[in-house]
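Please read it with the model open.

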Amino acid sequence: MIKIINNNKIYDYEDKTIYDYAIKYGFEDSIVALKNNKLVDIMSYVENGDTIEFVNEKSVYSQDTLMQTGILLLLLAFKLKFPKDQLEVEYTIGDYMYLEFENNNEIHFKDLEEIRKLMDDLINQNLRIERVKVSRKEAFDIFEKEGYIQKSRLLKSLDKEEVYLYKCLDHYFGIEGFVAPYTRFLKHYKLINYFPGIALSVSNNNEFTDFKEQKALSKIFSKSKKWTDMLDIGYVGSLNEKIQDGNMHFLVSVNEAYFENQISYIADKIIYNNARLVQISGPSSSGKTTMAERLSVQLAVRGKKPIPISMDNYFVNRVDTPLDEDGNKDYESINALDLKTFNTDLMRLLEGDYVNLPIYNFITGEREYGDTYTKLDNNGIIIVEGIHGLNPKLTSLVPEKDKYKIYVSALTQLSIDCHNRISTTDMRLMRRMVRDFVQRDKSVDDTLSEWPRVHAAEYINVFPYQNEADSIIDSSLIYEINILKKYVLKLVDNYDKNGPNFTEIERLKSILNYFIEIKDDSIVPKNSILQEFIGDYHE
C-alpha cells in the first residue's frame, strides 16, 4: 500500500515511479515530490509502504526545480550553439539568474534569438531529462569530456564513489537539487541580454517580474568574483583543496583583511561627507551588528566617537508584537518596533541631551534599562543598524545631508561548481540557525518555521531600500560554511524524519556535504563577523 498526502487516499502498491502515480491520479504537472517527507526526483521508484506528497507548483521547492530545469536547457542550448565555450551560473538579480561565459567572452544580442529557438525546439521535442548514477571514474571521464574542470576539482576533494548527473541529448549536467523529467515542463521562460552575459527567468503561468538592473549589487558581485578568482577560491572544490593542503590560515587572514578594507573605505567616505547619522540595513543574519561594531572602530581611529544603536533593542515587548495575517507574531514588521521611543531617543541625542538607551532581552522578551546615560558630543556619530535601518520612517526628521546609508548582505561569490551557486539566502539561514540556538534560546524548528515569513518580509522591508544606500558591503566569508557545517549538523542530528522541517533540513545537509569541515574554531579571529553567529557556542 502507498499513501498520497495530497488527496489523503491509500492505493494498492504497484512497482512504478512517482511520476507514474502522478499521471494516474491527476498530478501530471508535478515536477518534484516528497517521499516519506524527503525531497526526491519525481522519477524515483515507489516502495511498498511509502508516503508520497506532490509538491505544489507555487512552493519554493517547485520553483527551484523549475529554475534548475531552465538552467539545464539553457546550458544545453549554449552547448549546441557554442560547443567550445562554457556557460557559468553566476548570481541572482531579482527573479532572474545571471549567467556568463567562463572565458569572459561576450554573449551578443544577435545570438539571443538563436538561443531562444534552440530552447523552444528542445521544449517542443519533449526530451527526456534522465537522472543517472555514475561511478567516480565515470564521472571524471564525463567531466573531462564536457570540459567541467571545477566539477572534477570538487569530486577529487570529496570521498564519493558515486555521483548523480542529469543527461539530455547525450550531454551530462551536474545540477544540484532536482530537474523536471521532461523538457515540456519548462512552459514559460524569459531571456534578457545583460552584457556581457544573459539573465534567465522561469514561470508556471507566463507571468514575469520586470528585469530591474541592480548596478550597485552587480558591481559588488563582480568585485568579489575578481578577488576570489585571483586567490583561486571561487569554487568549493578549490576551497576544499586549500583546507586539505593546510593553507587556510593565510586565506582566512586575507579574507578578513578584505572585509576590513571594505569597512575602512566606507569610514573614509563617512568622514568626507561629514555625516552625523549612519544607517545600516540588510536582511536577516547579514552581520549588521558586527558591521556596526567594526565601523565604530574605524571611525574612532579617525577621531570620531561613534554611538551604535541597534534597532533590535527597540522591539516592543513580546506580548505587544503585532500579528500577521495568519495570527503569528510578526517580528519583521516595522510596527514591531517602538518607533516613538526610537525617534525620541534619536532626536534627543542629536540635540545633545543625555539619553538612557534600552537593551532588549530576547529571553524574557522585554526591553531593559541600566544606569548608563549616553550623550553625543561634537565628534560623535550615531550608527543605527537593523532590517529597517534605511526605512525613511525611522529618520524623517534628520536632513539627508547628515545621513550616510549602508546596505550589508552576505553576497557570496562562492559556487559549488560552474553550474551551481551557493545561495546567499541559504548562507544567511545557516547563520541564523546557529545564532538563534546560541543567543536566543530557539530550536531549529522555531528558526525554520519562522524563516519563510522572515524572508518574505525582506522583500517588503529591506530589498526595496537597498538602492538608496550610499555604500553596499559584502559580509560573506569564503570559509564560513566550512566552519558552520559542524554546528548546523549538530543542531539537526537525529532530527525526526516525520518532523515539520525534515525536508528543509535534508536539503541543507545535501549542500553541506560538498564542504570539508574546518574543525578548529581558533582559526576564526575574535572580531570576525562569523563570531556574531558562533560566539559562545558550547559543544
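**Note on the interface of domain 2 and domain 3**

1. Between domain 2 and domain 3 there are 13 residue pairs in polar contact, both residues at pLDDT 80 or more. A polar contact is a pair of N or O atoms within 3.5 Å; within protein, one must be able to donate a hydrogen and the other to accept it, and residues adjacent in sequence count only if both atoms are side-chain atoms.

2. On the side of domain 2 that touches domain 3, two or more residues each come from helix 2 (60–81), strand 6 (87–93), strand 7 (96–101) and helix 5 (149–156). Strand 6 gives the most, with 7 residues. Helices (H or I, at least four residues) and strands (E, at least two) are DSSP runs, numbered from the N terminus.

3. The model is predicted: local features need pLDDT of at least 70, side-chain atom pairs count only at pLDDT 80 or more, and totals for chains, interfaces and linings use all residues. Residues are numbered from 1 along each chain as its sequence is written, and side-chain values use heavy atoms, without hydrogens and water.

4. The rule finds 4 salt bridges across the interface of domain 2 and domain 3. Arginine 153 and aspartate 232 meet through their side chains in a salt bridge, at 2.9 Å from N to O. The term requires a side-chain nitrogen of Lys or Arg within 4 Å of a carboxyl oxygen of Asp or Glu.

5. About 2400 Å² is buried between domain 2 and domain 3, and carbon and sulfur atoms give 50% of this area. Tyr91, Arg153 and Glu176 supply 26% of the area that domain 2 buries against domain 3, more than any other three residues. Buried area is the accessible area (1.4 Å probe) that two parts lose on being put together, summed over both.
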